[in-house]
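I opened the notebook to look up rings, charges and strands. These are my entries, in the order in which I made them.

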Amino acid sequence: MSKHVKRRLLKWLDKRVPASHEHHLNLNSIFILPSGFGWTFIILSLCLFLLGTNYQNNLMLLLSYLCLSIMLLTLFYTHQNFARLAVKALPPNPFHCNLQGEMQLQVIPHTNSPTKSCCGMLSIKWLNAIRHVETQERTRDYTVEKSAAPPSYTFALNGNIDGHEGQAQTLHVPLNIATRGKFTLGRITIACDFPLGLYKCWTHLDFQQHVTVYAKPLEGPVTIDKVASADESKSVSQINDSTNNDDFYALKDYEVGQPLNRVSWKHVAKNGNWVSKSFTSLCSDSFVLSIPSNVDIETAVSLLTFETLSWSAADRVFGIHYKGLNIAPNHGVEHMQKCLTALACFNRHTPPFSPVDDSTVSISKRQNERASSV
């Protein structure tokens, strides 16, 4: 399909099937045509009709009428079954561009038929993995074109939806984006040929989902500078070694990824709430990770991404400085996500839906312009 035809098709779909986080299929969003097996079945029925007419064989005529009746009945049953499908998209988790991400679709009860669900096998593939931007400059950065046809993934519907969200079936659709940044996901093609495979129903749905693709981690040399601060004695850090002479500071909610030796097991056993201990450290050191400005941007971003993951795993206090990108030293899971997101969007034309807005991240205009020209 040429780019012009595909662009016109996407614009037409935007009007006919508008984007939404949740889709309940209806007459406007469903397309149906005979499958390859269905066309063969139609040709066979016509041949039986011609043979029965020429030889005046009533049994062959009756068989051709029976085949055509099956085709008509299957048309309505196939459409009716697919029209009971309703899906809702869950926010996709960030992933690295060298790995495979996924988009989660939840099969929910349809508003028109909450007691009946769609049956059969669903075939899902990406019509376009990311939504393209009209600007040529942005299209050059965000377009991910592949000559080969996108792979199709098959899911079997359990058909046991009874209106409870906890029992809804979740479909995990793989997602591959080879470029770092923030993207708007494109349309997904969902098809089904239940019950006899004579007809194929399909639809193209846009779920208005955005995903952050982190840079590929790359191990290498990084400049580490210690930050001296007058308020260093007041900084709070969670110490790995429980034998330190640090004073207890506070209890915080446990975050996924923190070491288990910081969990207050007494509180867990008492009331079931997972909390972690924090201590005040007089020797808490803050560091800033940086890369020389003469290093290639993609290489520098990959190096800083690897160091961000390493330092976050050790729960050390660190910041990032590179060509106008300044992130204040901190630690924790949230700080790691902020650093990875800022690195993923560095020197990229950020789409209008996802600006990088964080008080701990600052970008100098002059340095950013200088970085863009490199």
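**Entry 1**

I began with strand 11 (residues 199-206), which is mostly covered: six of its eight residues are buried. Buried means under 20% relative accessible area, exposed means over 50%, and partly exposed lies in between (1.4 Å probe, protein chains only). Helices (H or I, at least four residues) and strands (E, at least two) are DSSP runs, numbered from the N terminus.

I noted how I read the model: it is predicted, local features need pLDDT of at least 70, side-chain atom pairs count only at pLDDT 80 or more, and totals for chains, interfaces and linings use all residues. Residues are numbered from 1 along each chain as its sequence is written, and side-chain values use heavy atoms, with hydrogens and water left out.

Next I looked up the pairing, where two strands pair if DSSP finds at least two bridges between them. Strand 2 (residues 31-34) pairs with strand 11 in the antiparallel sense, over four bridges. There I found Phe-31 opposite Trp-202 of strand 11. Strand 10 is also antiparallel to strand 11, and six bridges join them. Here Arg-187 stands opposite Asp-206 in strand 11. Strands 10 and 11 form a hairpin, with six residues between them. In its turn, Gly-197 has a positive phi of about 80°.

**Entry 2**

Strand 4 runs parallel to strand 12 (residues 210-214), and two bridges join them. I looked up Phe-95: its bridge partner in strand 12 is Val-213.

Then I turned to strand 18 (residues 318-322). Four of its five residues are buried, so I wrote it down as mostly covered. Strand 17 (residues 286-290) runs parallel to strand 18, with four bridges joining them. Ser-290 has His-321 in strand 18 as its bridge partner.

**Entry 3: Salt bridges**

Side chains of opposite charge can pair when their charged atoms come close. A salt bridge is a side-chain nitrogen of Lys or Arg within 4 Å of a carboxyl oxygen of Asp or Glu. How many does a search of the whole structure find? It finds two.

One joins the side chains of Arg-187 and Asp-14, at 3.0 Å from N to O. Arg-187 lies in strand 10 (residues 187-192) and Asp-14 in helix 1 (residues 3-16), so the pair ties together parts that are 173 residues apart in sequence. Arg-187 is buried, at 1% relative accessibility. Asp-14 is partly exposed, at 32%.

Arg-180 forms a salt bridge with Glu-298, and their closest N and O atoms are 2.9 Å apart. This pair links distant parts of the chain, 118 residues apart. Arg-180 is in the loop between strand 8 (169-175) and strand 9 (181-184), and Glu-298 is in helix 6 (residues 297-313). Is Arg-180 buried or exposed? At 3% relative accessibility, Arg-180 counts as buried. Glu-298 counts as partly exposed, at 36%.

**Entry 4: Rings**

I counted rings of Phe, Tyr and Trp (its six-membered ring) as a pair if their centres lie within 6.5 Å; planes under 30 degrees apart are stacked, over 60 edge-to-face, and the rest tilted. The structure holds seven aromatic pairs. One of them is Phe-37 with Phe-41, tilted, at 6.3 Å centre to centre and 55° between the planes. Both lie in helix 2 (residues 36-54), four residues apart, about one turn of the helix. Phe-41 is buried, at 17% relative accessibility.

Phe-49 and Tyr-65 also form a tilted pair, with 6.1 Å between centres and 45° between planes. Phe-49 is in helix 2 and Tyr-65 in helix 3 (residues 58-82), 16 residues apart, so I noted a link between distant parts of the chain. Phe-49 is partly exposed, at 32% relative accessibility. Tyr-65 is partly exposed too, at 43%.

Lastly, ring pairs link Trp-12, Phe-31 and Trp-202 into a cluster.
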